[in-house]
Amino acid sequence: MAETSSVKGGSTVEECQDMIRRSLRTPMVKFLKEHLEKSGCRIGDNFIKAIHCDKKVSGGYVRGQGIIVCSNYMNIQDEVNQVVIHELIHAYDDCRAANLEWSDCAHHACSEIRAGHLSGDCHYKRELLRGYLKIRGHEQECVRRRVMKSMAGNPYCSESASRDAMEAVWDVCYNDTKPFDRAP
């Protein structure tokens with residue numbers, strides 16, 4: 001029997017690792033892993049791991065290290081699936097763009113736009129659960145809001161530099177749906 005969650009509303013590392021294993025069997029995650037490998041990037045057994053995070057983030061991708069999922073902020077399988085999908089899109093971007101530089105605000109913004117748009121992070125049902133009730137135009141507004149939230153963690157990008165970078169690359173990056181034929 002697994003111990004109780006380490007943080008109220010979160011899961012233990014072991015519980016989260018089990019949810020990651022289940023996530024790896026979902027069609028979207030399988031699709032992204034397959035395309036990462038087709039692009040020449042192998043995903044090892046420890047590429048995605050659960051950890052207890054001190055920062056209030058749900059997860060992250062680090063070049064050369066892989067994906068982390070913050071167990072203490074994960075409550076249910078769907079949340080883990082979303083983090084894994086979002087971060088796999090960053091891994092895919094890093095793999096296919098040989099010159100991607102995470103300290104470049106435009107590069108970071110582009111990958112965040114793609115991850116927000118393609119992962120389902122901004123599906124209207126998720127937005128309703130977050131308390132955002134706007135129905136028309138909600139998806140792009142949500143992606144913009146979440147790009148800015150993610151960019152706030154980049155020490156190389158001020159808020160104004162992040163906003164300018166996001167606006168400069170928006171059309172190209174929002175419409176880049178690779179490896180999908182269209183946005184899922």
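**Strand pairing and salt bridges**

User: Which residue in β3 does K49 stand opposite?
Analyst: K49 stands opposite I68 in β3. This is a predicted model, by the way.

User: How many bridges join β1 to β3, and do they run parallel or antiparallel?
Analyst: There are 4 bridges between β1 and strand β3 (residues 66-70), and the two run parallel.

User: Which residues of β1 are on the covered face, and which on the uncovered one?
Analyst: In strand β1 (residues 48-51), I48 and A50 make up the covered face, while K49 and I51 are on the uncovered one. In a regular strand, side chains alternate between the two faces of the sheet.

User: Switching to salt bridges. How many does the structure hold?
Analyst: It holds 10 salt bridges.

User: What does R114 form a salt bridge with?
Analyst: With D93, at 2.7 Å between the closest N and O atoms. That pair links distant parts of the chain, with R114 in helix α4 (residues 105-118) and D93 in helix α3 (residues 77-96), 21 residues apart.

User: Is R114 buried or exposed? And D93?
Analyst: R114 counts as buried at 1% relative accessibility, and D93 is buried too, at 4% relative accessible area.

User: What about R96, which partner does it have?
Analyst: R96 forms a salt bridge with D176, the closest N and O atoms being 2.3 Å apart. R96 lies in helix α3 and D176 in the segment after α7 (159-174), so the pair ties together parts 80 residues apart in sequence. R96 is partly exposed, at 34%.

User: Which residues are linked in a network of salt bridges?
Analyst: D93, R96, R114 and D176 are linked that way.

Notes: Residues are numbered from 1 along each chain as its sequence is written. This is a predicted model: local features need pLDDT of at least 70, side-chain atom pairs count only at pLDDT 80 or more; totals for chains, interfaces and linings use all residues. Side-chain values use heavy atoms; hydrogens and water are left out. Buried means under 20% relative accessible area, exposed over 50%, partly exposed in between (1.4 Å probe, protein chains only). Two strands pair if DSSP finds at least two bridges between them. A salt bridge is a side-chain nitrogen of Lys or Arg within 4 Å of a carboxyl oxygen of Asp or Glu.
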